[in-house]
Amino acid sequence: MLKKVLIANRGEIAVRIIRACREMGIRAVAIFSEIDRKALHVRLADEAYPVGPAKATESYLNTDKIFEIAKQSQADAIHPGYGFFAENYDFVKRVESEGLIFIGPPAEAVKLLGDKVAARKTMKNSGVPIVPGTEVEIGSDQQGESIAEEVGFPILIKAVGGGGGKGMRVVRDKKDLKSALRAASSEAKSAFADPRIYIEKYLERPRHVEIQILADKHGNVIHLGERECSIQRRHQKVIEESPSPVVDEKMRQAMGNAAVTAAKASGYVNAGTIEFLVDSDRNFYFLESNTRLQVEHPVTELVTGIDLAKEQLRIASGMKLSYKQEDIRWKGSAIECRIYAEDTENNFLPSTGVVHSYWEPSGPGVRVDSGLYQGAEVSLFYDPLVSKLLTWGENRDEAIQRMKRALSEYRILGVATSIPFHLKVMDNPNFRKGEIHTHFIEDEFEKDKSKQPEEKSELAKAVAVFSALLDYEEKKHHKPIMSPKGKSKGNPWKMAGRKAGLR
Ligand code: MV4
């Protein structure tokens, strides 16, 4: 078994991994930036080392410093959490070459699955259904045109090095294809340093359903069922649940088998996720895979009773999986609300400040995975995800009722959060019926804005970011925190942001 693990991350996920380590008698080493000196993950770790200034590129992304700390602390493994180095081939490669254990898949699997075209090819060859489209990158306009016609409009142009929605272009008409190919390629080049693009059939309003898998170093692979992740905004997931309202036992088995096949075909080891798009006829297609422990992993833990972070540590130690496929049973229903430090009443603007009062919900069927505490500072330097509130129930209705109860108990004062928005979703009739898809938030809550959706003007965006920064600085210098509402009214930069088209 591993003796000491360095957690190359912060916030709730660092806390989550430290907890797993402690329960297994593994020493946990934390790293922290200058503004995280008092953070929860630092307090809970066995050892903690400063890694640099607040700016992530100079701290949590400072590879040399992280390896120096790993050496100094004599850690035998590194857990990347999610984000930062979690799916970074070069980082994994370096962990391996420095004789440390990476708590995640082998570098080669990270590389293969990071290349969307190579991943599609691998899946197709092993019989995993993929969205109709190309398994090669587009080399010329003519090739793009003939493929698009073969697939049939509407099509979606995607980046080979992409993921998360960047560099995508929907094309509904042949006349728009050429310019879309150009635009997508240049966007891909600047976003991923890789101009390669490919084409898929565009599915309208699909669901996003993903399968959790576990694979050990001895060739055993199992799946832990699905998570429904359709409720998202601008490619950021907002609410996840398990089971999915559309997946029955038969479909779970079919998707699970496909996911296990996908994992085996790509030489996968450790915990991973195979994402699928599901169309309105409940056909499912491989979308991409996530080679990390995901934000939403706890919904799977709540319905299976399996501790995924502990399994990761066991697998990395070279142990066999604790479970066989036939051991896996699903019980009840779990929901996760991602609590973002965002003012959802004010166009989801990022919110910052000091949490001057903090009270977590608890009681039956409630779980909170959070990096927050009274006095915690929420800044613009990191992910706005500050907490995850989960509920479990015997069925979906009970999980929803519990969620409403827990959301209304939760007190986070000093920063605006997405809690009010979650309460609205819990009461939404289509959500209650389980009728959700990837455009749910847009359709149900942003209808009035649908004429000018995705892109605000560059000026409006710049003003928004500047306004949030100003707000942050202000709160840092004057200690007393006013109510978020009263505060934002008087802020001239926020008003300017609104005038520039932000709400
Ligand atoms: C799609 C799609 C429809 N058809 N592919 C968005 C992020 C990227 N990882 C894949 N995405 C999509 N790919 C085809 N062929 C719709 C989306 C999509 C989406 C997917 C999952 C979750 C949320 C989404 C929101 C908008 C679009």
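## A buried strand residue

Val209 is buried, with a relative accessible area of 0%; buried means under 20% relative accessible area, exposed over 50%, and partly exposed in between, with a 1.4 Å probe and protein chains only. Val209 belongs to strand S9 (residues 207-215). Met255 stands 46 residues from Val209 in sequence, and their C-alpha atoms are 9.4 Å apart in space.

The model is predicted: local features need pLDDT of at least 70, side-chain atom pairs count only at pLDDT 80 or more, and totals for chains, interfaces and linings use all residues. Residues are numbered from 1 along each chain as its sequence is written, and side-chain values use heavy atoms, with hydrogens and water left out.

## Around the ligand

There are 17 residues around the ligand, and Lys158, Glu200, Lys201, Leu203 and Glu288 come nearest. A residue counts as near if one of its heavy atoms lies within 4 Å of the molecule. By class, the shell holds 7 nonpolar, 6 polar and 4 charged residues. Here Ala, Val, Leu, Ile, Met, Phe, Trp, Tyr, Cys and Pro count as nonpolar, Asp, Glu, Lys and Arg as charged, and the others, Gly among them, as polar.

A polar backbone atom of Lys201 is 2.6 Å from a nitrogen atom of the ligand. Glu200 places a polar side-chain atom 2.8 Å from a ligand nitrogen, and an N or O atom in the side chain of Glu288 is 3.0 Å from a nitrogen atom of the ligand. The protein buries 92% of the 520 Å² that the ligand exposes when taken alone, with areas from the Shrake-Rupley method and a 1.4 Å probe. Strands S6 (155-159), S8 (197-201) and S13 (284-290) are the elements that give two or more residues to the shell.

## Two helices

Helices (H or I, at least four residues) and strands (E, at least two) are DSSP runs, numbered from the N terminus. Helix H8 (residues 177-192) has 16 residues and spans 22 Å from first C-alpha to last, close to the 22 Å expected at 1.5 Å a residue; the expected span is 1.5 Å times one less than the number of residues. Leu177, Ala180, Leu181, Ala184 and Ala188 are the buried residues of H8. They lie on the same side of H8 because they cover an arc of only 100° around the axis, taken from the directions from the helix axis to the C-beta atoms. Arg182, Lys189 and Ser190 are exposed on the other side of H8.

In helix H12 (residues 396-409), the buried residues are Arg396, Ala399, Ile400, Arg402, Met403, Ala406 and Leu407. Their arc of only 165° around the axis puts them on the same side of H12.

Key. A polar contact is a pair of N or O atoms within 3.5 Å; within protein, one must be able to donate a hydrogen and the other to accept it, and residues adjacent in sequence count only if both atoms are side-chain atoms.
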